[in-house]
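Work through the following exercises with the sequence and the model at hand. Each task is followed by a solution in steps.

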Amino acid sequence: MEHRMMSFIGTLMASLVMAAGCSTTSMDNSNIAAATNYKEIGDRVAQYRQRASELRSAAARLEWEAGRFAAQAGKVSEQAQQKMELAKQTWAAADEADAVAREYRKQLPHTMVY
C-alpha cells in the first residue's frame, strides 16, 4: 500500500513539475504578434488564466498534503518539506501564468468581451 502511495506521489510530483515548467516559460512579444486576431489573443488569455487556476489548486493541495505528512510524523518530515517546496514552485508558476495572461490582455481592446 505504501509503495503504491509513494509511486502515486512521485508521478504527481513529476507531472506538476512538468506543468509548472510549461507555464513558467517567458512570453515574448513575438507570441503576441503571432496572434492574428483578437479572438486568438482572448483565447490565450483564457488559456493562461485556466492554467493559473489549475496550478493554484495543485499548490493548495500540495500544501494540505504537506500538513498531513507533518501531522502524521509529529514534526516536519522530509516528505512534508518536499511537498512544501513543490507547492512554492507551483504557486510561482501560477503567478507567472497570471502575468502572461495580463500581458496578453493588454493587447485586447478595453471594450472586448471574451
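**Exercise 1.** Identify the residues that make up the largest nonpolar core.

*Solution.* A nonpolar core is a set of buried Ala, Val, Leu, Ile, Met, Phe, Trp, Tyr and Cys residues joined through side-chain atoms within 4.5 Å. Buried means under 20% relative accessible area, with a 1.4 Å probe and protein chains only. The largest such core has nine residues: Ile41, Val45, Tyr48, Ala52, Ala97, Val100, Ala101, Tyr104 and Leu108. At least two residues of this core come from each of helix 3 and helix 4; helices are DSSP runs (H or I, at least four residues), numbered from the N terminus.

The model is predicted: local features need pLDDT of at least 70, side-chain atom pairs count only at pLDDT 80 or more, and totals for chains, interfaces and linings use all residues. Residues are numbered from 1 along each chain as its sequence is written, and side-chain values use heavy atoms, leaving out hydrogens and water.

**Exercise 2.** Find the aromatic pair in the whole structure and classify its geometry.

*Solution.* Rings of Phe, Tyr and Trp (its six-membered ring) pair if their centres lie within 6.5 Å; planes under 30 degrees apart count as stacked, over 60 as edge-to-face and the rest as tilted. The search returns one pair. The ring centres of Tyr48 and Tyr104 are 5.8 Å apart and the planes lie at 25 degrees, so the pair is stacked. Tyr48 belongs to helix 3 (residues 38–73) and Tyr104 to helix 4 (residues 78–105), 56 residues apart.

**Exercise 3.** Decide whether Tyr48, Tyr104 and Glu65 are buried or exposed.

*Solution.* Tyr48 has 13% relative accessibility and therefore counts as buried. Tyr104, at 2%, is buried. Glu65, placed in helix 3, is buried at 12%.

Methods:
Buried < 20%, exposed > 50% of the residue type's maximum accessible area, 1.4 Å probe, protein only.
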